[in-house]
Amino acid sequence: MTTKLDEATAQTIAAQLGVTLDAEAARNAALSMAALLAAADGHGRALAFEAEPGAYPAAQRRGKR
Amino acid sequence: MSEDLNLLSASELARRIRAGRATSRDAVEACLARITGWNEKLNVFVALDAEHARAAADRADAQAKRGRFNGPLHGVPLAHKDMYYRQGRIATCGSKIRRDWVATTTATALTRLDMAGALDLGTLNMAEFAFGPTGHNWHLGHARNAWNPAHITGGSSSGSATGVAARMFFGALGSDTGASIRVPAHYCGTVGIKPTWGRVSRAGAMPLSWSLDTVGPLTRTVEDAALILGLIAGADPADPTASSESVPDYVAGLARGAKGLRIGIPTSFFTEVDADTKRLLGDAERVFASVGAEIVPVSLPDMERLNAFCSMVLSAEAVSIHREWLSTRAAEYSGQVRGRLEAGLMIPAALYLDALRARATMLAQFTEKVFSVCDLMLASVTDSAAPTIVESEALPGPDLGAKLGRFTKFTRSINYLGLPGLTVPAGFTAAGLPIGFQLVGRAFDEATLFAAGHAYQQATSWHDRVPV
C-alpha cells in the first residue's frame, strides 16, 4: 500500500464512517489489517484490466460438471 | 420410549416412523433425555421448547396413524443455529444486541424443513453474529466439544455441531461464510455440507457476508446431509441470489458410490498439518482406494491469494452490515467481534472491488487446474484436532486476525470460490478427539461429494461412535 495505515489514519478513516476508535482500537485495527491490505493490494494490481465483478455467476455455470 | 432411537440417523428414524416401527413422540423424548444429560455440560441450546416439540410430535404421530406423512422428515426432531428466523420467535444471532429481537419472518430453509415434516426443538448456540471460527461466545457462554468439554467446538455453528455429535437432535442447520459448517463438523466428528454459493436460499437467515454466506446442515451421516440439502436447496423468490439450477435427487445419487471417481490429493498447502491429521487423511485415501476410487496428486493455484481475497470480501461486507451498530452500540459487541469489525473499516473500496473482480477469474483458474485432473479434492479441514477453549481464545490485539485465520486457512478459499465442501469424520486422535476431512467439488456438484462421502461411510464406522 502506498498509504501508511497508522493509528491516526485508522481513527480518521473510522470517523469518516461514523465510528469512534480509541487509540488502542485504532492501533489494533491498523496493525491487524496491514499484512492483509498489502497482500490484497499486490494481488489486485495483477488483475486483468477487463476483469469485472458481474462475471462470477457465469464462471460458476461454466465450472459445473 | 427407547433410548436406542438416539443412535439412529435422521434418515433411519424417518424410515422407522413411516413404517410404524417408531414414533415421533418417542424420538422427541429420547432427544429430551439426552439434552437433560448433556446440555448443561456443552451449552448447546439458546432456547429449548420441549412442550411445543412434544405437541408437534403427537400431531405427527396422529397423522402417521392415518397414513398421512408431511414429507421425508415426518416427525424427525431437528434444532437449528440461532440465526434462522422463525416469525414470532427470538433470534439472538449469538449476540447481546439481538438478545430480545423477535423475528418477523420465517427463513425459507426452516419453512422447507417444516413442509418436509421435521420438528424444531429450539435454537442453538453460535458464535456472535456468526463471526468467529472457534465456538467462543462471551454473551451466551462458550459451546463445548462433546468429545471433551475443555475443547472448542469450532464455529460459528458451534451448538449445531456439538449437539449433533452428542445425539441431542438428529440434524441441524448451520451456516458457512469462511469455515462455519466444515470446521465445527471436523472438530466435533459430524458430517457438514457447505453447499455451492447460491444453492440454498438465505432468505430469513442472518447475513454476515452476502458474497460468501451459505446455508447447510450438520448431520450424523452423509445420507442425512444429502436428504436435508435436497429439501432446502433450490430457487426462492425471496432470495434473488438463490440459483435456479435444478436440484438433483442427492439421496438417489448415493448409490453411485466412489468407484471410478478420481480423487485429488493436494501436493501442497493443505499438507501443513500435524501428525494425527496426516495419518488419518492417509487412512482416508486408502479407504477411498479400497472402494474403487483413483487417487491422483493435484497441484493447486496460489491458495494464499484466494485466502487474502476472501478475508477482504468478508471483512468489508461484515462491517458494512454492522456499521450502524458499530457506531451506536459498540459496547454491546464482544471485544473479539468488535475488533474484527473495526479492522474491516480500514479496507479501501478499490481493494474490496478488486477481490470481487478477481473472483470469476480465480474460479476459472482453480476449476481448470484442479478439476481437469480429478473429480473432487480430498483435503484437511484444519491443521489439527480441536484445541482447548483456553488456548484458542483470541482477544483484541494486533494479531487478532492472524490468530483466528489459522482456523479458516483451509476452508475460506473455498467460500471465495463458492464451491461446495463436505466434511466427513475420518477418525480420532489418541486423546479421543475427532478429525474429519473435506471433499471439495465443482460448482453445483454436491452430488459427487455425497456419493463419495457415503461410500466412505459404508466402509468405515467413525460416524457411529457416540461420546460418553
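**A tour of the predicted model**

Begin by selecting A30(B): its relative accessibility is 0%, and A30(B) therefore counts as buried (buried means under 20% relative accessible area, exposed over 50% and partly exposed in between, with a 1.4 Å probe and protein chains only). A30(B) is found in helix α2 of chain B, residues 24-42; helices (H or I, at least four residues) and strands (E, at least two) are DSSP runs, numbered from the N terminus.

Residues are numbered from 1 along each chain as its sequence is written, chains are lettered from A and ligands numbered from 1 in the order in which they are written, and side-chain values use heavy atoms, with hydrogens and water left out.

**Between the chains**

Next, select residues 23-45 of chain A, helix α2(A), together with residues 335-344 of chain B, helix α11(B). The two helices pack at an angle of about 65°, with their axes 8 Å apart; axes are lines fitted to C-alpha atoms, for helices over the stretch in contact, and angles run from 0 to 180 degrees between N-to-C directions. α2(A) and α11(B) are therefore roughly perpendicular to each other (65 to 115 degrees; under 35 counts as roughly parallel, over 145 as roughly antiparallel and the rest as oblique). Show side chains for A25(A), A29(A), S32(A) and M33(A), which meet E342(B), A343(B) and G344(B) of α11(B); contact means heavy atoms within 4.5 Å.

**The sheet of chain B**

Now turn to the open sheet of 8 strands in chain B, whose order is β4-β6-β5-β10-β11-β9-β7-β8, with mixed pairing; two strands pair if DSSP finds at least two bridges between them. Colour the edges, β4 (172-176) and β8 (294-298) of chain B: each has a single partner strand, so one side of each is left without a neighbour in the sheet. Neighbouring strands of this sheet are turned by 30° against each other on average, direction ignored.

Select β10(B), residues 421-428. How many of the residues of β10(B) are buried? The count is 8 of 8. β10(B) pairs in the antiparallel sense with β5(B) over 3 bridges, where G192(B) stands opposite T423(B). β10(B) also pairs with β11(B), again in the antiparallel sense, over 7 bridges; the bridge partner of G427(B) in β11(B) is I435(B). These two strands form a hairpin with 5 residues between them, and G432(B) in the turn has a positive phi of about 85°.

Move on to β7 (262-266) and β9 (376-380) of chain B, which pair in the parallel sense over 2 bridges. Here I263(B) has L376(B) as its bridge partner. Helix α12(B), residues 349-371, packs on the sheet and touches β7, β8, β9 and β11 of chain B, its direction making about 95° with that of β9(B).

**Last stop: a covered helix**

Finally, select helix α4(B), residues 108-115, where T108(B), A109(B), L110(B), R112(B) and L113(B) are buried. Their cover includes β2 (77-81), β4, β6 (214-219) and α7 (222-232) of chain B. After α4(B) comes G117(B), with a positive phi near 95°.

Terms used
This is a predicted model: local features need pLDDT of at least 70, side-chain atom pairs count only at pLDDT 80 or more; totals for chains, interfaces and linings use all residues.
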